[in-house]
Amino acid sequence: FYKVMIFWGLLAVVWSLPGAPGFIVLTVVSHVLTAPFLLVITIGLLFMLNRRNIMGDHVNKWPLNIALGVITIFVAVAAYQGLSAAVGDFSSLIKG
């Protein structure tokens, strides 16, 4: 885990080098990656909140599972749309 943190920290240094993309690009990239990471979090919550060995007597009931499932579906759609738009924009930049 520390290697990942060191990698992200060193990646921040790359953004500050002369000739590197500006902070607008960094902001757009971070916003594009927010939805996929949120998808991972909601799926993890869905699994963890239903495990009795983790939650004990406080496991989710079916209405909460349905609500979290709907939220997960919305986040998955947002992640797909965001990533597909970003890939499309990136490919148009490369092609000229």
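Helix H1 (2–15) and helix H2 (23–48) each contribute at least two residues to the lining of the second largest pocket. Helices here are DSSP runs of H or I with at least four residues, numbered from the N terminus. A pocket, on a 1 Å grid over the protein atoms alone, is an open set of points where a 1.4 Å probe fits, with protein on both sides within 12 Å along at least five of seven lines; lining residues have an atom within 4 Å of a point.

The model is predicted: local features need pLDDT of at least 70 and side-chain atom pairs count only at pLDDT 80 or more, while totals for chains, interfaces and linings use all residues. Residues are numbered from 1 along each chain as its sequence is written, and side-chain values use heavy atoms, with hydrogens and water left out.

The pocket holds about 160 Å³ of space, a volume being the space filled by probe spheres set on the points, which are joined across faces, edges and corners. Its lining consists of Trp8, Leu11, Ala12, Trp15, Leu26, Val29, Ser30 and Leu33.

I turn now to two individual residues. Thr42 belongs to helix H2. Thr42 is buried, at 5% relative accessible area, where buried means under 20% with a 1.4 Å probe and protein chains only. Beyond residues up to four places away in sequence, Thr42 touches Leu68, Ile71 and Thr72; contact means heavy atoms within 4.5 Å.

Asn60 sits in the loop between helix H3 (52–55) and helix H4 (62–95). Because its relative accessibility is 15%, Asn60 also counts as buried. Apart from neighbours within four places in sequence, Asn60 is in contact with Leu49, Asn50 and Asn65.

Note on methods. Buried < 20%, exposed > 50% of the residue type's maximum accessible area, 1.4 Å probe, protein only.
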